[in-house]
Amino acid sequence: MSQSSGAHNRRHSSEGGYTAEEYVRRPDHTPQTGQDESEKYILALQTDPAHHKAVTALRNQHFPANINRLSAHVALFRALPGSQLPVIQSAIQHLVHHQETFPISTGEPFPMTHGVGLHVHAEPAAHIFRTLKEQWDGFLSKQDQSFRAHYTIQNKVQSSVAQKSLVEIRSGPHRFEGSTGTVTGLSLYLYDRGYWTLKHTYPFRAEKDVEKAHVVDRIDREEWPSLGAASTPK
């Protein structure tokens, strides 16, 4: 899946949005590795398809069509350096092995500088961010030093357009009723001049291990009922 993110240098379009002329990373979006990073990666939450579809549909209604190449996403980190990819992948793999799936729900919409965001309630996401930040703090960009869980529903529009969208999402006849779902893992994307290309998905393991143990325990009890709790896998 190939997707595009925002650009730094843009010009206004007749629709009130922007058309990207060239993609340039701002200094606070640059990893602190002391070298030019030819590859940069984004780490985002992976959710169940129904929730993802609902929020993406809302984004598609309000994001300028001429630059909307992304589905809805909650990004944990936006500029992970390719030179540190082995370290990054190792930390992610260790984390997801111990992380259970957890609920996610949308909150109230809020105004952004040039658009509209949607608050997200997913408490363990902040813990995941802090855990990884502690390991990667030495090379993170200034932007990646903090995290606020949210969906960007609209961006790169004039303030009058953003205000109108905020009202429509919050209280209009077609207002967004919200969406709940499950965070099932993490997704790693390669950033390439405005495009996001999915490179790897990391499903959370702990929840699956628990379910597998329950299945084995049930089979053991059915086949050897006299063993009872003693047959529970250790």
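Student: Which residues does Leu43 touch, not counting residues up to four places away in sequence?

Tutor: Leu43 touches Ala75, Leu76, Phe77, Leu80, Ile92, Leu132, Trp136, Leu186, Ser187 and Leu188, where contact means heavy atoms within 4.5 Å. This is a predicted model, in which local features need pLDDT of at least 70, side-chain atom pairs count only at pLDDT 80 or more, and totals for chains, interfaces and linings use all residues. Residues are numbered from 1 along each chain as its sequence is written, and side-chain values use heavy atoms, with hydrogens and water left out.

Student: And which residues touch the most other members in the largest nonpolar core?

Tutor: Leu43, Phe77, Leu80, Trp136, Tyr151 and Leu186 do, out of 41 residues in that core. A nonpolar core is a set of buried Ala, Val, Leu, Ile, Met, Phe, Trp, Tyr and Cys residues joined through side-chain atoms within 4.5 Å, and buried means under 20% relative accessible area, with exposed over 50% and partly exposed in between (1.4 Å probe, protein chains only). Helix H2, residues 85–98, gives the most to this core, with six residues; helices (H or I, at least four residues) and strands (E, at least two) are DSSP runs, numbered from the N terminus.

Student: Tyr151 is in that list, so what stands opposite Tyr151 in S8?

Tutor: Leu118 stands opposite Tyr151, and strand S7 (residues 115–121) pairs with S8 in the antiparallel sense over four bridges. Two strands count as paired if DSSP finds at least two bridges between them.

Student: Does Lys156 count as buried or exposed?

Tutor: Lys156 counts as buried because its relative accessibility is 18%.

Student: Switching to His62, where does it lie and what does it touch?

Tutor: His62 lies in helix H1, residues 49–62, and is buried, with a relative accessible area of 12%. Leaving out residues up to four places away in sequence, His62 touches Ile153, Gln154, Ser165, Glu168 and Ile169.

Student: How many helices and strands are there in the chain?

Tutor: The chain has five helices and 10 strands, and buried residues make up 44% of its 234 residues.
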